[in-house]
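Subject: Structure handover

Hello,

Here is the structure I promised to pass on. Please open it first, then read my notes alongside.

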Amino acid sequence: MNYLVGNWKMHTSVKEGIRLAQHIKQGVASTDDVTVILCPPFTHLDAMHGLFDVSPMELGAQNMYFEDSGAYTGEISPFMIADYCRYVILGHSERRVVFSENSTLIQKKVRAALNHDIKPILCVGESLDIYEQQKTFNFLEEELTTSLKGIDPAELGSLLIAYEPCWAIGSGHTPYRDEIERVAKFLTVTTRKVFDNPELNIPILYGGSVKANNVAEFASLPHISGVLVGGASIRAEEFCAIHAAMAQLNQ
Ligand code: PGA
């Protein structure tokens, strides 16, 4: 199965979001070989939930806190989003960089999501500095192992991992294909080692400047099971063209 995740970030009003989702729903209806997961702002979840009843699309959140309720002004809990979402993006680099989230906090969120039957899309990715110093593998190993510490191996079937180099997000630059493939393989091998399970196959997605004209390069890689799309996910035609390119690869 291939995954196409749209991370709308802090864009669109509820009305605009509904229109965008309807447009996308029509555009992706031709095949259900690709699981489409739209992650709008929290304010859209209730209104968009109804649209997805009989469609191959899924709804996800972009973040959540790990507690179910309490005095956490401004936060949204897994308990609150569980009514709407089957997925949640966790540890996105904008959360890590702009909001100072670290892997210890993200690990708590991963656990909380799994406890609520919400599938985490765990993001990992190195900065440009680390990439240029060729320390990507060491960095990702640390991010991944800390974020997954103590997770019940029986629940790993619900997890997705997104490799998103920070320097590729919104920049128009991407790593070379062979670099992405090597990282994706490394993440697979690392999760197998950490959980002592040579059969473990957590889907690895690539994210960072994915567009309709380059998605096939990434989605066709042996260790990549889909893509996480930011900027291009709020342009319905572009997003549907990404979907069409992925659907074609499956034929
Ligand atoms: P981008 O963002 O597709 O705009 O590079 C990806 C992301 O932030 O997940």
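Which residues have the most contacts inside the largest nonpolar core? They are Leu4, Ile24, Leu38, Val110 and Leu187, and the core has 66 residues. Keep in mind that this is a predicted model. Helix H10, residues 236–249, gives the most to this core: six residues. A second core is separate and has twelve residues, among them Tyr87, Ile89, Leu160 and Ala162. In soluble globular proteins, nonpolar side chains tend to be buried together.

Now zoom in on Val110. Leaving aside residues up to four places away in sequence, Val110 touches Leu90, Pro120, Leu122, Ser147, Leu148, Ile151 and Leu159.

**The strands**

Start with E8, residues 226–229. Which residues of strand E8 point one way, and which the other? Gly226 and Leu228 point one way, while Val227 and Val229 point the other. All four are buried.

Strand E1, residues 2–7, pairs with E8 in the parallel sense over four bridges. There, Leu4 stands opposite Val227. Leu4 is also one of the residues with the most contacts in the largest core. Strand E7, residues 204–207, runs parallel to E8 and is joined to it by two bridges. Gly207 has Leu228 as its bridge partner in E8.

Next, look at E5, residues 119–124. Why is E5 largely enclosed by the rest of the structure? Because five of its six residues are buried. Strand E4, residues 87–90, pairs with E5 in the parallel sense over four bridges. Val88 stands opposite Pro120 in that pairing. Strand E6, residues 160–163, is also parallel to E5, with four bridges joining them. Ile121 has Leu160 as its bridge partner in E6.

Asp117 counts as exposed because its relative accessibility is 69%. The C-alpha atoms of Asp117 and Cys85 are separated by 9.4 Å, though the two residues are 32 apart along the chain.

**The salt bridges**

How many salt bridges does a search of the whole structure find? Seven. Here are some of them.

- Glu94 and Lys9 meet through their side chains at 2.8 Å, N to O. Glu94 is in helix H4 and Lys9 is in the loop between E1 and helix H1, so the pair ties together parts 85 residues apart in sequence. Glu94 counts as partly exposed, at 29% relative accessibility.
- Glu58 and Arg86 form a salt bridge with their closest N and O atoms 2.8 Å apart. Glu58 sits in strand E3 and Arg86 in the loop between helix H3 and E4, 28 residues apart. Glu58 counts as buried at 16% relative accessibility, whereas Arg86 counts as partly exposed at 43%.
- Glu143 and Arg96 meet at 3.3 Å, N to O. Glu143 lies in helix H7 and Arg96 in helix H4, so this pair ties together parts 47 residues apart in sequence. Both residues are buried.

**Surface and loops**

Stay around H4 for a moment. Val97, Val98 and Phe99 form a nonpolar patch on the surface, with about 320 Å² of accessible area together. Phe99 belongs to the loop between helix H4 (93–98) and helix H5 (103–115).

Ser100 is in the loop between H4 and H5. Ser100 is exposed, with a relative accessible area of 60%.

Gln134 has a positive phi too, about 60 degrees, although it is not a glycine. Find Gln134 in the loop between helix H6 (128–132) and H7. Gln134 is exposed, with a relative accessible area of 74%.

Best wishes

Key: Residues numbered from 1 in each chain as written. Predicted model: local features only at pLDDT ≥ 70, side-chain atom pairs only at ≥ 80, totals over all residues. Heavy atoms only, no water. Core = buried A, V, L, I, M, F, W, Y, C linked by side-chain atoms within 4.5 Å. Buried < 20%, exposed > 50% of the residue type's maximum accessible area, 1.4 Å probe, protein only. Contact = heavy atoms within 4.5 Å. Patch = residues over 30% accessible without salt bridge, like charges linked within 9 Å, V, L, I, M, F, W, Y side chains within 5 Å. Areas by Shrake-Rupley, 256 points an atom, 1.4 Å probe, with all protein chains shown as cover. Salt bridge = Lys/Arg side-chain N within 4 Å of Asp/Glu carboxyl O. Pairing = 2+ DSSP bridges.
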